[in-house]
Amino acid sequence: MTKVFVYGTLKEGFGNHRVLRDSRKLCDATIEGFDMISLGAFPGIITGSDTIYGEVYEVTDTSVMRGLDSLEGHRGNDDPSSMYYKKLCTYKVETKTNEKTLPNDNEKTGQALVYVYNLKGPYGSNGNLAKVSPARWVR
């Protein structure tokens, strides 16, 4: 089982949410220490100082993880051609979340993988990245 924090088009109500298939949403959550940037039709996050709003999912199917890696252009954290790399982050449950949906009713934080945009990758940065503030991807 892998927990994944999603913050863009993989969230409920967005077009790429289908990639998560039968994965179980655990909570709405935030992560800190990143900035959200707009890449046009979808966001990315990079190391920064903002709070990112998203959702945490429990992924139990390895084919779902492969689908996520494919969607995010992840070929491995050591592969410079990856569009996103994966990083383990600490998430904080948003207070509006019904904690009964969590594995442990007392859990207020947890660890999850997040896809972080690779500024040194093939898509890189033209130096003109638009920061999204507040860091909550909406339609």
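Q: Quick one to start: is Cys-89 buried or exposed?
A: Cys-89 counts as buried, with a relative accessibility of 6%. Keep in mind that this is a predicted model.

Q: And how does Cys-27 come out, buried or exposed?
A: Cys-27 is buried too, at a relative accessible area of 2%.

Q: How many disulfides are there in the whole structure?
A: Zero disulfides turn up in a search of the whole structure.

Q: Okay, new topic. Where does Asp-69 sit?
A: Asp-69 belongs to helix α1, which covers residues 62–71.

Q: Is that residue, Asp-69, buried or exposed?
A: Asp-69 has 16% relative accessibility, so it counts as buried, the cut-off being under 20%.

Q: Which side chain does the side chain of Asp-69 make a polar contact with?
A: That would be the side chain of Lys-86, at 3.1 Å.

Q: What else is Asp-69 in contact with, leaving aside neighbours within four places in sequence?
A: Besides Lys-86, Asp-69 is in contact with His-74 and Tyr-115.

Q: Nice. Let's move to the strands. Which strands does β3 pair with?
A: Strand β1 (residues 2–6) is joined to β3 by five bridges, and the two run antiparallel. Strand β2 (residues 24–38) is also antiparallel to β3, with 14 bridges joining them.

Q: Can you give me a residue pair for each? Which residue in β3 is opposite Val-6, and what is the bridge partner of Asp-35 there?
A: Val-6 stands opposite Glu-55. For Asp-35, the bridge partner in β3 is Ile-46.

Q: How many residues lie between β2 and β3 in their hairpin?
A: Four residues lie between them, and Gly-40 in the turn has a positive phi of about 100°.

Q: How many residues of β3 are buried?
A: Twelve of the 17 residues in β3 (43–59) are buried, which leaves the strand mostly covered.

Q: Then what about the largest nonpolar core: how many residues does it have?
A: The largest nonpolar core has 37 residues, and Phe-5, Ile-31, Ile-45, Ile-52, Leu-68 and Tyr-91 have the most contacts inside it. At least two residues of this core come from each of β1, β2, β3, α1, β4 (84–93) and β5 (109–117). Strand β2 gives the largest share, seven residues.

Q: Why would nonpolar side chains be together like that?
A: In soluble globular proteins, they tend to be buried together.

Q: Last one: what does Ile-45 touch, not counting residues up to four places away in sequence?
A: Among the residues Ile-45 touches are Tyr-7, Ile-31, Phe-34, Ile-52, Val-114 and Tyr-117.

How values were computed. Residues numbered from 1 in each chain as written. Predicted model: local features only at pLDDT ≥ 70, side-chain atom pairs only at ≥ 80, totals over all residues. Heavy atoms only, no water. Disulfide = S-S within 2.5 Å. Buried < 20%, exposed > 50% of the residue type's maximum accessible area, 1.4 Å probe, protein only. Polar contact = N/O pair within 3.5 Å; in protein donor to acceptor, adjacent residues only side chain to side chain. Contact = heavy atoms within 4.5 Å. Pairing = 2+ DSSP bridges. Core = buried A, V, L, I, M, F, W, Y, C linked by side-chain atoms within 4.5 Å.
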